[in-house]
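Subject: A structure for you to look at

Hi there,

Here is the structure I promised to pass on to you. Please open it next to this email and follow along as you read.

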Amino acid sequence: MTFDWMTGPLAEGLHLYNSGEYFTAHEAWETIWLSAPEPERTFLQALIQVTAAFEQSLFWDGRRPSLEAQVLDPIVNANEMGLDSISEAIQRVREAPAYAGALKSAFGNDHVDETRLRTALATFVRSLAPTRTSYERFKRGSSEAFSASAQRGLRLFDGKAGCSSCHSMHDQPARFSDGLFHHGAVSLSSEDTARLPELVSQTISVADDEIGNVIAQNRHIAALGRFVVTHNPKDIGAFRTPSLLNVALTAPYMHDGSVATLEDAVNIEIYYRSLSTGKALDLTTSDRRDIVEFLMSLTSDMWVDSNRP
Ligand code: HEC
């Protein structure tokens, strides 16, 4: 377990806090996400998204109210960075000479504390603004090519297919999430359903500040979704609508990473949304392809630029 992953986001956050500039998102992506061991990625997908800055609550179950509150959680999560405490993180930053200058220019001196770490990392995440997509440019009237297929997909997504009722797109910039919790196609396994009374009482007995670690280590409790926060039985298996910004890059899909491709995710959503409204969505193979094409227009160029060899 190394601590190097923080170098990029933290140093950049400090720099940004000082200057307000943008930077490429590559490091956050690679270090926070891609460095997670495979089983964790598919277990409960990390939710560092470009929309994080705009969300009312973070993580799939909404257990943290603000970005500042959330941003250090991965450091002490046993399945992510696995440090014993935030103080250990502070100590490591203190001992790394590279940060002293950055801290000084951001805050006036090189003192390190929890608030400063939170500010720096949250600033970094906020910098990943969701405005640099070909969809946003198309909306602003850019003459850049936005394929006919993507345009058809947009009309279906916001019309007949009803996707935008949850993946909302009429705010500025569009977040593609209503920030609310819904039941989806991926439901509790039969094993978890059979053990539900036991899982529920186990969950209720966990202290609030321990729930993050418990979820990271116990996929059965994680599968209860929003319930782990509200303890309201109707929230069992409900998850926050994920933003679809950069969705083409964030496979595998759904809260447990059980769906491998974007095409499959779209098909499953169409199927499930038909099922839950009781009205079959009559979408042809080419309609579905158009929706996927539209979703591909939601990739920020920051990712594209930063992933160029
Ligand atoms: C009732 C609200 C609702 C509607 C309507 C809806 N979705 Fe979703 N969508 C969700 C939720 C909630 C999830 C997360 C489910 C989970 O993880 O178990 C999700 C997940 C997804 C994902 C996977 C994203 C990821 O990062 O894992 C895609 C892609 C998606 N939806 C596309 C669509 C499309 C296309 C439509 C229209 C056909 C649609 N959705 C309609 C609520 C909705």
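Below is what was found in it, from the whole chain down to single contacts.

First, two notes on reading it. This is a predicted model, in which local features need pLDDT of at least 70 and side-chain atom pairs count only at pLDDT 80 or more, while totals for chains, interfaces and linings use all residues. Residues are numbered from 1 along each chain as its sequence is written.

**The chain**

The secondary structure comes to 18 helices and two strands. Helices (H or I, at least four residues) and strands (E, at least two) are DSSP runs, numbered from the N terminus. Of the 309 residues in the chain, 36% are buried, that is, they have 20 or more other C-beta atoms within 10 Å of their own, with C-beta atoms placed from the backbone. You will find Ala-120 in helix α8 (residues 114-126). Its C-alpha atom is 9.3 Å from that of Leu-103, a residue 17 positions away along the chain.

**Around the ligand**

Which residues come nearest to the ligand? Among the 24 residues around it, they are Cys-163, Cys-166, Gly-184, Tyr-253 and His-255. To be near, a residue needs its C-beta atom, placed from the backbone, within 6 Å of the molecule. Helix α16 (residues 262-277) gives the most to this shell, with five residues. By class, the shell has 14 nonpolar, eight polar and two charged residues. Here Ala, Val, Leu, Ile, Met, Phe, Trp, Tyr, Cys and Pro count as nonpolar, Asp, Glu, Lys and Arg as charged, and the others, Gly among them, as polar.

**Two helix pairs**

Two packed helices are described by the angle between their axes and the distance between the axes. Axes are lines fitted to C-alpha atoms, for helices over the stretch in contact, and angles run from 0 to 180 degrees between N-to-C directions.

Helix α16 packs against α17 at about 120°, with the axes 10 Å apart. The two are therefore oblique to each other (angles under 35 degrees count as roughly parallel, over 145 as roughly antiparallel, 65 to 115 as roughly perpendicular and the rest as oblique).

The axes of α10 (residues 148-158) and α17 (residues 285-296) come within 7 Å and cross at roughly 100°, so α10 and α17 are roughly perpendicular. Their contact has six nonpolar, two polar and five charged residues.

Happy exploring!

How values were computed. A residue is buried if 20 or more other C-beta atoms lie within 10 Å of its own, exposed if 12 or fewer, and partly exposed in between; C-beta atoms are placed from the backbone.
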